[in-house]
Amino acid sequence: MTSTSMPPGLARFNALEEHAAFTALHEACASTAWAKRLLAARPFATPEALYAASDAAMAELTARDLAEAMAGHPPIGRPKPGDSASAREQRGMAGASGELRAQMLELNLAYQEKFGHVFLICATGRTGEQMRDAVRERLGNTPEREREIVRTELGKINRIRLARLVEED
């Protein structure tokens, strides 16, 4: 690809009617504020410009915006039926033992009780054991520290989902 060519998926995304583009973005991240910021920045010359805009929008999200984004994510180990993105991202839990699944359920509930929201981690490429260890470790965080970790993890998830959206042919 030359510096002037654009991936077909990005060109297609840039050309989408606003409602369709919003829907595609909202499927990547359930934050309305994030999706609106990216819509306002269209068209994107490169995928990297889109990712940078995503990162900038993520940095500006309020606590309420983050809560809205997190509400779009199922607990680790329990992707929603028909949610192929979450199932693909949580593949590391697919073959988990019953014991590991029970541990994750218990840890997810403890996390949710402490922080008031689902445990969020960029699960792509992680094993079930790595996710379990991460939730155990993060249970010791303050709510403020955890909110910033969640913001970082959401940013990683958004980049992966945006890449799938705009780099597909």
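This is a short tour of a predicted model, stop by stop.

**Stop 1: Ala11**

Select Ala11. You are in helix α1, which covers residues 8–15. Is Ala11 buried, exposed or partly exposed? Its relative accessibility is 32%, so Ala11 counts as partly exposed. Ala11 and Ala45 are 34 residues apart in sequence. In space, their C-alpha atoms are 8.6 Å apart.

**Stop 2: α2 against α9**

Select residues 18–28, helix α2. Then select residues 143–167, helix α9. How far apart are the axes of α2 and α9? The distance is 9 Å, and the two helices pack at an angle of about 140°. The crossing of α2 and α9 is right-handed.

Show the side chains next. From α2, pick Ala24, Leu25, Glu27 and Ala28. They meet Asn158, Arg161, Leu162 and Leu165 of α9. Sorted by class, this contact between α2 and α9 holds five nonpolar residues, one polar and two charged.

**Stop 3: the cysteines**

Select Cys29. At 1% relative accessibility, Cys29 counts as buried. Move on to Cys122. Its relative accessibility is 9%, so Cys122 counts as buried too. How many disulfides does the structure hold? The count is zero.

**Stop 4: α3 against α4**

Select residues 32–41 for helix α3 and residues 47–60 for helix α4. Their axes come within 9 Å and cross at roughly 140°. This makes α3 and α4 oblique to each other. The crossing of α3 and α4 is right-handed.

Which residues of α3 meet α4? Pick Trp34, Arg37 and Leu38. Across from them, in α4, are Leu50, Ala53, Ser54, Ala57, Met58 and Glu60. By class, the contact of α3 with α4 has six nonpolar residues, one polar and two charged.

**Stop 5: α5 against α9**

The crossing of α5 and α9 is left-handed.

Show the contact residues. In α5 they are Ala63, Leu66, Ala69 and Met70. In α9 they are Arg147, Val150, Arg151 and Leu154. The classes here, for α5 with α9, are six nonpolar residues, no polar and two charged.

**Stop 6: His117**

Where is His117? Look in the loop between α7 (98–115) and α8 (128–138). At 16% relative accessibility, His117 counts as buried.

What does His117 touch? Leaving aside residues up to four places away in sequence, His117 touches Met70, Tyr111, Gln112 and Val150. Two of these names come from the last stop: Met70 lies in α5 and Val150 in α9, where both take part in the contact of the two helices.

**Before you close the viewer**

With α2, the crossing is right-handed. With α5, the crossing is left-handed.

Notes: Residues numbered from 1 in each chain as written. Predicted model: local features only at pLDDT ≥ 70, side-chain atom pairs only at ≥ 80, totals over all residues. Heavy atoms only, no water. Helix = DSSP H or I, 4+ residues; strand = E, 2+ residues; numbered from the N terminus. Buried < 20%, exposed > 50% of the residue type's maximum accessible area, 1.4 Å probe, protein only. Disulfide = S-S within 2.5 Å. Axes fitted to C-alpha atoms, helices over the stretch in contact; angles between N-to-C directions. Left-handed = near helix turned anticlockwise from the far one by under 90°. Contact = heavy atoms within 4.5 Å. Nonpolar A, V, L, I, M, F, W, Y, C, P; charged D, E, K, R; others polar. Parallel < 35°, antiparallel > 145°, perpendicular 65-115°, else oblique.
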